[in-house]
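Hello,

Here is the structure you were going to look at. My notes follow below it.

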Amino acid sequence: MPSPPQRRIIKNDAGVWTVDGRPRETVTLLSHHHPPNAPSKSLITLLVTLPPNGATPPHTHGGASVQALILRGASADQMNDETAPTVRRAGETFFEAPGCHHVVGENAAGEGEETVFFAVFLVDDEVVEGGLGGLIVLDADVEGGEGA
């Protein structure tokens with residue numbers, strides 16, 4: 001089986017980390033709750049849109065558990081040391097346990113189509129006290145350099 005193509009993690013002209021200069025996801029906060037049966041935890045729902053040819057650089061989620069539901073399109077995702085991405089389509093779900101390393105996250109829908117999904121996070125309150133930035137921790141930011 002051939003190896004997947006090597007992905008370069010680079011900053012675009014706006015200073016945003018990208019996969020080979022491809023467009024990034026947009027994220028919309030839909031809800032943020034503090035469930036009474038989960039002290040010191042936040043339950044956060046995001047709407048994530050990957051534009052055509054969009055990709056997210058390798059990342060983790062600040063110790064959160066994440067449940068995703070594909071609403072439209074298709075997403076190719078590779079976690080931890082999986083040998084290849086798994087493609088999930090509208091109506092399918094995936095789960096990321098705390099500490100999961102999301103190595104590949106790409107729009108796998110047809111040409112010109114976006115992929116849209118819900119991502120529900122259960123995370124320690126302290127991770128999101130200063131905002132939602134701690135929910136998506138890019139490897140490149142942690143490693144601090146181009147090609148990370």
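**Notes on strands, cores and salt bridges**

Strand 8 and strand 9 make a hairpin with six residues between them, and N80 in the turn has a positive phi of about 50°. Please keep in mind that this is a predicted model. Strand 8 covers residues 74-79 and strand 9 covers residues 86-89; the two pair in the antiparallel sense over four bridges. Within this pairing, A76 stands opposite V87 of strand 9.

Five strands make up an open sheet, with antiparallel pairing and the order 3-4-12-7-10. Strand 3 and strand 10 (93-96) are the edge strands, each pairing on one side only. On average, neighbouring strands of this sheet are turned by 20° against each other, direction ignored.

As for the individual pairs, strand 7 (residues 65-72) runs antiparallel to strand 12 (residues 115-124), and seven bridges join them. V66 stands opposite F121 in strand 12. Strand 7 also pairs with strand 10, again in the antiparallel sense, over four bridges. Here A68 is the residue opposite F94 in strand 10.

In a regular strand, side chains alternate between the two faces of the sheet.

Nonpolar cores

The largest nonpolar core has 17 residues. I44, L46, F117, A119, F121, V123 and L135 are the ones with the most contacts inside it. Strand 4 (41-50), strand 7 and strand 12 are the elements that give two or more residues to this core.

What does L46 touch, leaving aside its neighbours within four places in sequence? Its contacts are V27, T28, L29, L30, F117, F118, A119, F121, L132 and L135.

Another core, of six residues, lies apart from the largest one; I9, W17, L138 and A140 are among its members.

Salt bridges

The count comes to six salt bridges. Three of them are described here, starting with R8 and D20, whose closest N and O atoms are 3.7 Å apart. This pair links distant parts of the chain: R8 is in the segment before strand 1 (9-11), and D20 is in the loop between strand 2 (17-19) and strand 3 (26-33), 12 residues apart. D20 counts as partly exposed because its relative accessibility is 33%, and the range for that class lies between 20% and 50%.

R22 forms a salt bridge with E106, with 3.2 Å between the closest N and O atoms. This pair also links distant parts of the chain, with R22 in the loop between strand 2 and strand 3 and E106 in strand 11 (residues 102-107), 84 residues apart. Are R22 and E106 buried or exposed? R22 has a relative accessible area of 16% and is therefore buried, since the cut-off for buried is under 20%. E106 has a relative accessibility of 13%, so E106 counts as buried too. R22 and E106 also belong to a network of salt bridges that includes R7.

The remaining pair in these notes is R24 with E25, where the closest N and O atoms are 2.8 Å apart. Both R24 and E25 are buried.

Regards

Notes. Residues numbered from 1 in each chain as written. Predicted model: local features only at pLDDT ≥ 70, side-chain atom pairs only at ≥ 80, totals over all residues. Heavy atoms only, no water. Salt bridge = Lys/Arg side-chain N within 4 Å of Asp/Glu carboxyl O. Buried < 20%, exposed > 50% of the residue type's maximum accessible area, 1.4 Å probe, protein only. Pairing = 2+ DSSP bridges. Axes fitted to C-alpha atoms, helices over the stretch in contact; angles between N-to-C directions. Core = buried A, V, L, I, M, F, W, Y, C linked by side-chain atoms within 4.5 Å. Contact = heavy atoms within 4.5 Å.
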